Amino acid sequence: MAEPKTKYDRQLRIWGDQGQAALEKASICLLNCGPTGSETLKNLVLGGVGSITVIDGSKVELGDLGNNFMVDESCVGQSKAKCVCAFLQELNDAVKAKFIEEYPVTLIETNPSFFSQFTLVVATQLMEDSMVKLDRICREANVILIFARSYGLTGLVRISLKEHTVVESKPDHFLDDLRLNNPWPELKSFAESIDLDAQDPVALRHTPYVVLLIKMAEQWVKSHGGSLPSTREEKKEFKELLKARMVALDGDNYKEAIEASFKVFAPRGISSDLQQILNDSCAEVDSNSSDFWVMVAALKEFISNEGGGEAPLEGSIPDMTSSTELYVNLQNIYQAKAEADFLVIEQRVRNILKKIGKDPLSISKTTIKSFCRNARKLKVCRYRSIENEINSPILPELQKYLTDEDYSSTAVGFYILLRAVDRFAANYNSFPGQFDGGMDEDISRLKTTAVGLLSDLGCNGSTLTEDLINEICRFGASELHAVSAFIGGIASQEVIKLITRQFVPMPGTFIFNGIDHKSQILSL
Amino acid sequence: MAETVVQPSRSRDLDKLLLRPGNIIGNNFDPGQELRDDLAEYVKVLVVGAGGLGCELLKDLALSGFKKLEVIDMDTIEVTNLNRQFLFRFEDVGKPKAEVAAKRVMERISGVNIKPHYCRIEEKDIDFYSDFSIIVLGLDSIEARSYINAVACSFLEYDSDDKPRDETMKPLVDGGTEGFKGHARVIMPGVTPCFECTIWLFPPQVKFPLCTLAETPRTAAHCIEYAHLIKWDEVHSGKTFDPDDPEHMKWIYNEAVKRAELFGIPGVTYSLTQGVVKNIIPAIASTNAIVSAACALEALKITTGCSKTLSNYLTYNGAEGLHTKVTEFVRDKDCLVCGPGVLIELETSVTLQKFIDLLEKHPDLLLSKASVTHQGSSLYMQAPPVLEEMTRSNLNLPLFDLMGKTSRGTIHVTGTTSKNDTKTSVLRKLRVFFKGVDGVTDMDMAGGA
């Protein structure tokens with residue numbers, strides 16, 4: 001047995017021990033283990049999820065050998081769930097793998113309470129009516145649901161749950177919080193303690209740009225009636241002042257200061273995204289509120305009181321040209337402020353918990369600390385129910401996609417047609433083009449079905465191209481391995497984000513366009 | 001479902017795409033059983049790399065109708081591969097990746113033949129690469145991508161109007177991942193930009209200035225790199241640091257901790273030490289699966305024409321929501337690698353030795369230790385010693401004679417070039433013209449007279 005830390009090293013560097021622990025606690029249910037489902041689970045088993053339950057009622061056929069790596073010749077005629085499960089187990093013995101030989105549709109109809117035991121259900125290759133029913137069941141039971149479907153050169157992935165909140169959203173590019181234009185007293189006096197004019201050139205070149213910019217901003221504010229550079233000319237002038245000093249010195253720190261001067265111009269206070277979260281009705285907490293919203297309530301109080309309009313400080317600073325001493329001192333000042341902010345928020349969290357009748361210590365210090373460090377990056381994702389999307393999609397969005405002739409026209413066409421083929425199958429007992437022969441009839445029937453669907457959705461004038469309708473019939477409900485591996489890859493990645501509660505899961509419905517890869521997320 | 005008798009077939013699903021006529025298709029799509037059978041029988045695919053992408057690619061291609069595959073990789077399996085390289089098990093640690101990967105896929109998919117090559121890509125001669133219909137790259141190194149790209153582009157010939165000749169075009173499909181991000185691209189040499197045309201997409205890694213490490217360390221990484229790049233050599237005179245030796249790594253870690261304590265810098269851990277010293281790129285199964293699947297699908301479309309192809313660069317980012325984007329990059333018309341070739345004009349008296357010396361000084365090439373090939377035969381080889389000896393006598397002969405006394409010809413040279421203090425293996429295609437032959441006068445041939 002490999003030391004798990006070593007085996008998972010390359011992913012621990014992404015989601016850390018906490019993310020890994022969440023994965024190892026998760027129990028995942030897979031519905032249908034064709035290539036799309038099998039590939040989704042493969043990626044999750046490799047990553048070390050706690051347990052998997054594979055549900056499929058079918059037997060392995062010869063055709064399955066051509067698109068699913070998890071079955072081989074010895075499997076023909078046997079339970080597909082059993083064979084796929086056995087192969088998945090081979091990939092990682094730390095995962096508890098089991099299977100149930102049963103058709104998912106039957107389970108959905110006859111045993112809805114079955115699903116409540118899982119953290120997350122991956123539902124693959126389901127038709128619309130089953131999706132609606134399963135969605136209702138999982139929402140009721142607070143089980144995360146993700147749909148994945150491959151269909152010829154297209155397919156979809158859709159997350160469904162009421163609400164997903166993220167503290168560690170880990171954005172790629174995010175403006176650091178240095179308070180250059182709004183320094184707190186300790187930072188201000190640290191900057192003031194350094195007299196640039198009295199320093200020798202070597203020391204001057206090793207003065208961090210944070211100090212340079214704080215001093216410069218303050219000077220500017222004094223000479224400009226209390227306001228920061230705001231117009232283009234003013235910003236340019238501000239940079240020119242820095243440049244003038246740099247020329248005399250040729251220090252990297254001044255170069256960095258010029259590059260970072262936009263941080264001085266950035267508005268004080270919090271972003272509109274965060275404001276929206278603070279304004280959310282869930283921020284009015286009661287005994288049913290989640291820890292996340294309790295902490296948001298505390299954050300809201302902090303911002304309008306001690307924070308003076310700002311979120312708690314993160315406390316970390318980027319690397320910058322500096323002497324070691326000044327850098328370490330600066331880092332300590334930022335960290336001390338972050339710690340002070342945290343203590344205030346912690347107290348507020350405890351008070352709120354008490355007020356709503358919960359144990360004041362029910363949220364750990366570590367959790368609150370992480371919340372404070374990420375307060376500016378919080379994310380709240382909410383997903384419409386499948387039933388709502390199907391019966392009343394957001395019409396202006398749909399029409400926008402349908403009339404966009406450039407990028408998204410193929411993707412939205414596939415979206416409509418993926419729904420149309422389910423209607424088709426409900427009427428004619430097979431998917432269009434599923435069997436050889438009768439192609440022309442299927443094409444004209446699918447066209448009629450799609451037109452009917454569009455009109456039901458309130459998009460009467462819209463049409464789909466003949467080419468796309470033909471292609472869907474050509475695909476004939478095939479599950480191509482490469483497409484399934486792509487869709488399964490996306491689905492598994494979203495599962496990881498949902499379970500680790502790190503990074504931001506995708507919104508809406510992802511429509512795969514395997515023709516030219518101009519795939520699209522539709523928010524309907 | 002309807003009661004229809006269907007002949008059971010392994011390619012039940014793929015047949016829909018390959019046997020039926022389509023409306024949105026690529027060039028030369030000729031659907032039918034013959035297409036499917038030809039794909040299996042005549043199309044040879046090389047997969048370069050048997051790591052995170054390579055394992056997925058072999059599976060995806062083998063389940064997309066390709067049956068003649070080869071895979072090349074110089075690495076052996078490590079424990080840290082097991083979270084994503086799904087063809088490997090704990091018992092396989094230490095074995096060659098190419099061999100185990102090939103074996104595992106063949107065990108599960110009957111009728112597929114995969115030939116493994118456990119060696120460096122530079123060890124194979126150019127002929128090896130010319131044998132494949134398409135080359136799919138699953139690599140994590142810019143140098144290796146650059147090398148294979150040059151090999152593929154070297155096969156490209158231009159007609160007298162400087163139009164690329166289709167039959168000499170060797171398509172490449174390239175994938176790459178880092179964490180939640182990745183890319184897939186299609187390179188049709190002479191038509192779409194080659195790797196070198198868009199080399200700016202891969203900016204060189206930023207290194208810490210040595211004076212920062214030595215004098216003003218501020219971060220944990222600075223302390224680690226001080227131990228790695230400065231302290232190691234000071235203490236171990238002459239002994240090379242081996243990043244795969246745990247004792248060496250522990251030494252670096254301990255030194256970094258000492259330095260961090262001295263300066264009051266937090267954050268040095270063993271894991272970070274490994275990450276910084278080995279420049280570890282985080283990698284997960286899902287991103288590799290996504291990128292490889294896109295590459296395999298493009299390989300299928302390019303070889304069969306069953307659908308349009310990606311034009312020409314797909315980026316994927318799953319960190320913040322899900323973003324995919326297709327960008328149509330354009331060729332660099334002056335590209336040294338996929339263009340018609342660097343033009344070199346010579347007197348007929350120039351010897352091979354003089355020619356090789358000239359390559360070293362040529363401003364566009366700066367190529368040292370050149371080995372020279374003409375129409376598949378070696379004129380001079382630097383290595384191995386036995387070939388060097390066999391070809392050494394050519395050095396004193398005029399290149400004009402060695403090339404069969406024709407006025408012009410294409411020469412392939414391999415050698416090393418220095419960029420940013422690091423030596424890289426390169427392959428270049430040269431168009432050689434001899435002055436005063438066949439009535440071709442001096443500078444008259446640039447446009448292909």
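The crossing of α8(A) and α16(A) is right-handed, a label given when the near helix is turned clockwise from the far one by less than a right angle, anticlockwise being left-handed. This is a predicted model, in which local features need pLDDT of at least 70, side-chain atom pairs count only at pLDDT 80 or more, and totals for chains, interfaces and linings use all residues. Residues are numbered from 1 along each chain as its sequence is written, chains are lettered from A and ligands numbered from 1 in the order in which they are written, and side-chain values use heavy atoms, without hydrogens or water.

Helix α8 spans residues 185-192 of chain A and helix α16 residues 324-355 of chain A, and their axes come within 9 Å and cross at roughly 160°; helices here are DSSP runs (H or I, at least four residues) numbered from the N terminus, and axes are lines fitted to C-alpha atoms over the stretch in contact, with angles from 0 to 180 degrees between N-to-C directions. The two helices are therefore roughly antiparallel to each other, the term for angles over 145 degrees.

The contact (heavy atoms within 4.5 Å) is made by A:E186, A:L187 and A:F190 of α8(A) together with A:L326, A:N329, A:L330, A:I333 and A:Y334 of α16(A).

Chain A is divided into domain 1 (4-162 + 480-522), domain 2 (185-265), domain 3 (272-381) and domain 4 (390-475), with bounds from an automatic or database domain assignment. The centres of domain 2 and domain 3 of chain A, taken over C-alpha atoms, are separated by 29 Å, and their contact takes 13 residues from domain 2 and 10 residues from domain 3.

Technical notes:
Parallel < 35°, antiparallel > 145°, perpendicular 65-115°, else oblique.
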